[in-house]
Amino acid sequence: MQYHQAESWGYYVPMRTSMISDPLEKVARLASGSAVVVFSISSCCMCHAVKRLFCGMGVNPTVYELDHDPRGKEIEKALMRLIGNSTSVPVVFIGGKLIGAMDRVMASHISGTLVPLLKEAGALWL
């Protein structure tokens with residue numbers, strides 16, 4: 001699989017249209033592939049903000065830009081079902097566990113629980 005440096009944060013990993021037909025199963029598989037995974041849309045300001053947050057913390061998330069994938073809309077709908085919200089992106093997974101959208105990430109950051117999650121997942125060393 002070829003990885004592409006994505007601006008100043010993490011890596012954009014093109015999703016392969018594999019034999020997995022269930023979008024929820026695909027999300028679970030992709031989410032467990034790295035310590036921090038962000039499902040994003042490249043033109044979304046909230047997605048940009050969460051990627052910048054992680055970058056500023058020294059975390060390099062794996063980023064899946066849904067608007068660059070032919071099955072991106074299916075994945076986006078699956079993410080909406082997972083988080084139970086009409087706002088589908090960004091959606092963040094840490095250590096393969098669903099954290100949620102931007103509001104959950106920011107609440108975790110403000111409360112001080114984000115850094116321990118990142119350390120536990122191996123995304124932060126200090």
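The protein chain here is built from five helices and six strands. Those names come from DSSP runs, with helices being H or I stretches of at least four residues and strands being E stretches of at least two, numbered from the N terminus. Keep in mind that this is a predicted model: local features need pLDDT of at least 70, side-chain atom pairs count only at pLDDT 80 or more, and totals for chains, interfaces and linings use all residues. Residues are numbered from 1 along each chain as its sequence is written, and side-chain values use heavy atoms, leaving out hydrogens and water.

Let's start with the whole chain. Reading from the N terminus, the elements go β-β-α-β-α-β-α-β-β-α-α. The protein chain has 126 residues, and 45% of them count as buried; buried is under 20% relative accessible area, exposed is over 50%, and partly exposed is in between, using a 1.4 Å probe and protein chains only. Its accessible surface comes to about 6800 Å², with 56% of that belonging to carbon and sulfur atoms. These areas come from the Shrake-Rupley method with a 1.4 Å probe, and for residues only the protein chains shown count as cover. Now take the contacts (heavy atoms within 4.5 Å). Among those between residues at least 6 apart in sequence, 62% join residues at least 24 apart.

Next, the helix pairs. Two packed helices are described by the angle between their axes and the distance between the axes. The axes are lines fitted to C-alpha atoms, for helices over the stretch in contact, and the angles run from 0 to 180 degrees between N-to-C directions.

Look at helix α2 (residues 45-56) and helix α4 (residues 102-111): they pack at about 30°, with axes 10 Å apart. That makes α2 and α4 roughly parallel to each other, where angles under 35 degrees count as roughly parallel, over 145 as roughly antiparallel, 65 to 115 as roughly perpendicular and the rest as oblique. On the α2 side, the contact is made by Met-46, Ala-49, Val-50, Leu-53 and Phe-54, while α4 brings Met-102, Val-105, Met-106 and His-109. Sorted by type, the residues of this α2 and α4 contact are eight nonpolar, one polar and no charged. For that sorting, Ala, Val, Leu, Ile, Met, Phe, Trp, Tyr, Cys and Pro count as nonpolar, Asp, Glu, Lys and Arg as charged, and the others, Gly among them, as polar.

Asp-103 also sits in helix α4, but Asp-103 counts as exposed, at 52% relative accessibility.

Met-57 lies in the loop between α2 and β4. Met-57 counts as buried, at 19% relative accessibility. Leaving out residues up to four places away in sequence, Met-57 touches His-109, Leu-114, Val-115, Leu-118 and Leu-124. The C-alpha atoms of Met-57 and Ala-123 are 9.9 Å apart, although the two are 66 residues apart along the chain.

Now over to helix α1 (residues 23-31) and α3, whose axes come within 9 Å and cross at roughly 85°. This pair is therefore roughly perpendicular. Pro-23, Leu-24, Lys-26 and Val-27 in α1 meet Glu-74, Ile-75, Ala-78, Leu-79, Arg-81 and Leu-82 in α3. The residues of this α1 and α3 contact divide into seven nonpolar, no polar and three charged.

Stay with helix α3 (residues 72-83), which also holds Glu-76. Glu-76 is buried, with a relative accessible area of 13%. Beyond its neighbours within four places in sequence, Glu-76 contacts Ile-41, Leu-66 and Ser-88.

His-68 and Ile-41 are 27 residues apart in sequence and 8.1 Å apart, C-alpha to C-alpha. His-68 is partly exposed, with a relative accessible area of 46%.
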